[in-house]
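Visitor: I have a structure open and want to learn how to read it. Where do we begin?

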Amino acid sequence: MSNLGKQFELKFKEDFSKIPESTIDRIYDVTTGYKSISNVCDFICYKYPNIFYIECKSHKGASFPFVN
């Protein structure tokens, strides 16, 4: 797989799944170019008592600049 963003998402899902008694659901990613369709996040994760809405981002480089 050449897309680094998708690789990062797969790694995130793999790692979060290792947390005991947790769940993770991948929200369907629209890649067909329909701009009117948007998702609140990439993943919905749950570990009692918290729910997390995770938007995964990747950046080429040694750090993630917040100005981007």
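Guide: Start at Pro49, in the loop between strand 2 and strand 3. This is a predicted model, so treat every value as computed.

Visitor: What is the peptide bond from Tyr48 to Pro49, cis or trans?

Guide: General idea: most peptide bonds are trans. Here the bond from Tyr48 to Pro49 is cis, with omega near 5 degrees.

Visitor: Is Tyr48 buried or exposed?

Guide: Buried means under 20% relative accessible area, and exposed means over 50%. Tyr48 reaches 66%, so it counts as exposed. Tyr48 also belongs to a nonpolar surface patch with Val40, Tyr46, Ile51 and Tyr53. Together they have about 600 Å² of accessible area.

Visitor: Which residue has a positive phi although it is not a glycine?

Guide: Most residues other than glycine have a negative phi. Glu21 has a positive phi of about 55 degrees. Look for Glu21 in the loop between helix 1 and strand 1. Its relative accessibility is 74%, so Glu21 is exposed.

Visitor: Now the fold. In what order do the elements of the protein chain run?

Guide: From the N terminus on, the order is α-β-β-β. That is 1 helix and 3 strands.

Visitor: How do the 3 strands form a sheet?

Guide: Strands of a sheet pair through backbone hydrogen bonds, either parallel or antiparallel. In this model the 3 strands make an open sheet in the order 1-2-3, with antiparallel pairing. Strand 1 and strand 3 are the edges; each has a single partner strand, so one side of each has no neighbour in the sheet. Neighbouring strands are turned by 15 degrees against each other on average, direction ignored.

Visitor: How many bridges join strand 1 to strand 2?

Guide: The count is 5, and the two strands run antiparallel.

Visitor: What joins strand 2 to strand 3?

Guide: A hairpin, through 2 residues. The antiparallel pairing of strand 2 with strand 3 has 5 bridges. Phe43 stands opposite Ile54 in strand 3.

Visitor: Where is Cys41 found?

Guide: Cys41 sits in the loop between strand 1 and strand 2. With 2% relative accessibility, Cys41 counts as buried. Beyond its neighbours within four places in sequence, Cys41 is in contact with Ile27, Tyr53, Ile54 and Glu55. Cys41 and Ile54 are 13 residues apart in sequence, yet 5.6 Å apart in space, C-alpha to C-alpha.

Visitor: And Asp42: buried or exposed?

Guide: Buried, at 7% relative accessibility. Asp42 is also in the loop between strand 1 and strand 2. Leaving aside neighbours within four places in sequence, its contacts include Glu9, Asp25, Arg26 and Cys56.

Visitor: Which residues are linked with Asp42 in a network of salt bridges?

Guide: Lys6, Glu9 and Arg26. Take the links one at a time. Glu9 bridges to Lys6, with the closest N and O atoms 3.6 Å apart. Both lie in helix 1, 3 residues apart, about one turn of the helix. Glu9 is buried at 10% relative accessible area, and Lys6 is partly exposed at 26%. Arg26 bridges to Glu9, with the closest N and O atoms 2.8 Å apart. Arg26 lies in strand 1 and Glu9 in helix 1, so this pair ties together parts 17 residues apart in sequence. Arg26 is partly exposed, with a relative accessible area of 29%.

Visitor: How many salt bridges does a search of the whole structure find?

Guide: It finds 6. One of them pairs Lys18 with Asp15, at 3.8 Å from N to O. Lys18 is exposed at 56%, and Asp15 is partly exposed at 32%.

Visitor: Last, the whole chain. What share of the 68 residues is buried?

Guide: Buried residues make up 13%. The chain exposes about 5,800 Å², and carbon and sulfur atoms supply 58% of that area. Among contacts between residues at least 6 apart in sequence, 28% join residues at least 24 apart.

Note on methods: Residues are numbered from 1 along each chain as its sequence is written. This is a predicted model: local features need pLDDT of at least 70, side-chain atom pairs count only at pLDDT 80 or more; totals for chains, interfaces and linings use all residues. Side-chain values use heavy atoms; hydrogens and water are left out. Helices (H or I, at least four residues) and strands (E, at least two) are DSSP runs, numbered from the N terminus. Buried means under 20% relative accessible area, exposed over 50%, partly exposed in between (1.4 Å probe, protein chains only). Contact means heavy atoms within 4.5 Å. Two strands pair if DSSP finds at least two bridges between them. Accessible areas come from the Shrake-Rupley method with a 1.4 Å probe; for residues, only the protein chains shown count as cover. Patches are made of residues with over 30% relative accessible area and no salt bridge: like charges are joined within 9 Å, nonpolar side chains (Val, Leu, Ile, Met, Phe, Trp, Tyr) within 5 Å. A salt bridge is a side-chain nitrogen of Lys or Arg within 4 Å of a carboxyl oxygen of Asp or Glu. Axes are lines fitted to C-alpha atoms, for helices over the stretch in contact, and angles run from 0 to 180 degrees between N-to-C directions.
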